[in-house]
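The sequence and the model come first.

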Amino acid sequence: AKVIAEAANGPMTFAAQEHCDKKGIVVLPDLLINAGGVIVSYFEWLKGLQHIRLGRLTKGWEQKSSRNLGSLLGLTEDKISGLQGPTEKNIVYTALEEIMCSSCDSVFKYSQENRCSLRVAAYALTISKIAQTYREAGTVF
């Protein structure tokens, strides 16, 4: 195999990682691969805290924008009413894609710059973010 993607909560052993590194096999760590499920769970948690749909806050603005755009384009009222904003599913997918792409880009870049595995890069970036959060909260460790 040229690339191995780890399964949920099933990272390979240190010896296996070393073997893959020596053979030039890229290992996509479970920490990165499975982050999407954690992110969507977080969105659901936020939604539960707020007791509102994710798209509800922007619905009015999107309808007004659609009417304005339709008017500028010279569309009839029927056509304008057919313009709809994103569904909750669209919002979640778009946000998930943005976060995952950004995270993967950061991990790949760190790995290249520091000549380390994707696993080490993912852990290093994660620990750095946690440390930054503690610093911003005024907690010293």
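With which residue does Glu88 form a salt bridge, and how far apart are the closest N and O atoms? The partner is Lys47, and the closest N and O atoms are 2.7 Å apart. A salt bridge here is a side-chain nitrogen of Lys or Arg within 4 Å of a carboxyl oxygen of Asp or Glu.

The model is predicted, so local features need pLDDT of at least 70 and side-chain atom pairs count only at pLDDT 80 or more, while totals for chains, interfaces and linings use all residues. Residues are numbered from 1 along each chain as its sequence is written, and side-chain values use heavy atoms, with hydrogens and water left out.

**Salt bridges**

By this rule there are three salt bridges.

| Glu6 | Arg119 | 2.5 Å |

Helices (H or I, at least four residues) and strands (E, at least two) are DSSP runs, numbered from the N terminus. Glu88 is partly exposed at 24% relative accessibility, and Lys47 is partly exposed at 32%. The classes are buried under 20% relative accessible area, exposed over 50% and partly exposed in between, with a 1.4 Å probe and protein chains only.

The salt bridge of Glu6 with Arg119 links distant parts of the chain: Glu6 is in the loop between β1 (3-5) and α1 (14-23), Arg119 is in helix α7 (residues 118-137), and the two are 113 residues apart. Both Glu6 and Arg119 are buried.

Glu113 and Lys109 are both in helix α6, four residues apart, which is about one turn of the helix. Glu113 is exposed at 54% relative accessibility, and Lys109 is exposed at 52%.

**Helices α3 and α6**

The axes of α3 (residues 35-50) and α6 (residues 88-114) come within 10 Å and cross at roughly 135 degrees. Axes are lines fitted to C-alpha atoms, for helices over the stretch in contact, and angles run from 0 to 180 degrees between N-to-C directions. The two helices are therefore oblique to each other; under 35 degrees would count as roughly parallel, over 145 as roughly antiparallel, 65 to 115 as roughly perpendicular and the rest as oblique.

Contact (heavy atoms within 4.5 Å) is made by Ala35, Gly36, Ile39, Val40, Phe43 and Lys47 of α3 and by Glu88, Val92, Ala95, Leu96, Ile99 and Met100 of α6.
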